[in-house]
Amino acid sequence: MCVSEKVRTAAVILAAGSGKRMGSSTKKQYMLVKGRPVVYYALKTFQESFIDEIILVVSHGDKTYCQKEIVEKYGFDKVSRIVEGGKERYNSVALGLDCVKECGYVFIHDGARPMVTAEILERALSCVKEHGACAVGMPVKDTIKIADEAGNIVSTPNRSLVWMVQTPQVFNYSLIRDAYHKLIQQETKLQEEGVTVTDDAMVVETLTGHPVKLVLGSYENVKITTPEDISIVENFLER
């Protein structure tokens with residue numbers, strides 16, 4: 001590959017969650033942090049990065065709001081498509097991937113993680129170029145316990161091997177597209193077998209067997225889930 005040749009990259013940013021644990025009538029991705037909606041911050045980082053195209057996945061009925069009040073209002077012209085998500089997270093990702101134009105690598109990111117940075121994106125790009133699949137995360141600081149259904153400790157994993165997985169998770173486009181197609185085709189069978197898919201790395205691991213490399217994110221790259229998280233992110237932004 002020539003040094004001047006650039007591999008096309010895309011991002012699927014998920015903003016289709018309901019945010020039930022926030023205890024608010026406003027969906028968490030639209031709650032204001034320092035006067036701007038949560039999803040604005042993730043979109044801004046991707047907009048200002050090397051990413052060529054952004055697909056924004058939103059909740060049913062939110063397309064017009066997001067187009068007018070977020071994409072157009074803040075000039076996010078890399079957003080080429082806004083698509084309504086599905087029942088589960090993996091349905092939403094699959095719908096987003098189907099809208100991506102052919103590219104080399106695709107970044108999948110939760111819009112409720114506003115503190116993603118350009119440095120994280122650069123590290124992830126370098127990692128995916130070498131390994132084909134990677135997930136951003138950080139080593140845990142606390143001792144982790146595995147419990148049984150009664151709440152009794154069963155085991156204590158080696159803390160040096162345990163990571164908190166974050167997003168973005170980044171893949172060779174054909175790899176993640178094919179993995180999600182297989183997932184949707186086998187959805188009923190996997191549910192009957194009790195397989196619960198919780199992130200994109202698990203889709204690749206389960207459906208293709210391709211290893212997923214962990215790459216350092218940031219302890220500040222938190223996901224807004226509860227009201228306390230809003231205050232945490234506001235403090236990070238003030239710094």
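What do the buried residues of helix H5 pack against? Let's work up to that.

First, the ground rules. This is a predicted model, where local features need pLDDT of at least 70, side-chain atom pairs count only at pLDDT 80 or more, and totals for chains, interfaces and linings use all residues. Residues are numbered from 1 along each chain as its sequence is written, and side-chain values use heavy atoms, with hydrogens and water left out.

Helices (H or I, at least four residues) and strands (E, at least two) are DSSP runs, numbered from the N terminus.

Start with H5, residues 173-185. Expected span is 1.5 Å times one less than the number of residues. For the 13 residues of H5 that gives 18 Å, and the end C-alpha atoms are 18 Å apart, which agrees. Its buried residues are Tyr-173, Leu-175, Ile-176, Ala-179, Tyr-180 and Leu-183. Seen down the axis of H5, these fall within an arc of 165°, so they line one face of the helix. The arc is that of the directions from the helix axis to the C-beta atoms. Buried means under 20% relative accessible area, exposed over 50%, and partly exposed in between, with a 1.4 Å probe and protein chains only.

Now the answer. The buried residues of H5 pack against helices H3 (89-98), H6 (187-192) and H7 (200-208), and against strands S6 (105-110), S7 (133-139) and S10 (163-172). Contact here means heavy atoms within 4.5 Å.

Next, helix H8, residues 227-238. Its 12 residues should span 16 Å, and its end C-alpha atoms are 18 Å apart, which agrees. Buried here are Asp-229, Ile-230, Val-233 and Phe-236. They cover an arc of only 125° around the axis, which puts them on the same side of H8. What covers them includes strand S2 (32-33) and H1. The face turned away from the buried side carries two exposed residues, Glu-228 and Glu-238.

Last stop: a loop. Thr-143 sits between S7 and strand S8 (146-147). Leaving aside neighbours within four places in sequence, Thr-143 is in contact with Thr-156 and Arg-159. Then look at Asn-158. Thr-143 and Asn-158 are 15 residues apart in sequence and 8.3 Å apart in space, C-alpha to C-alpha.
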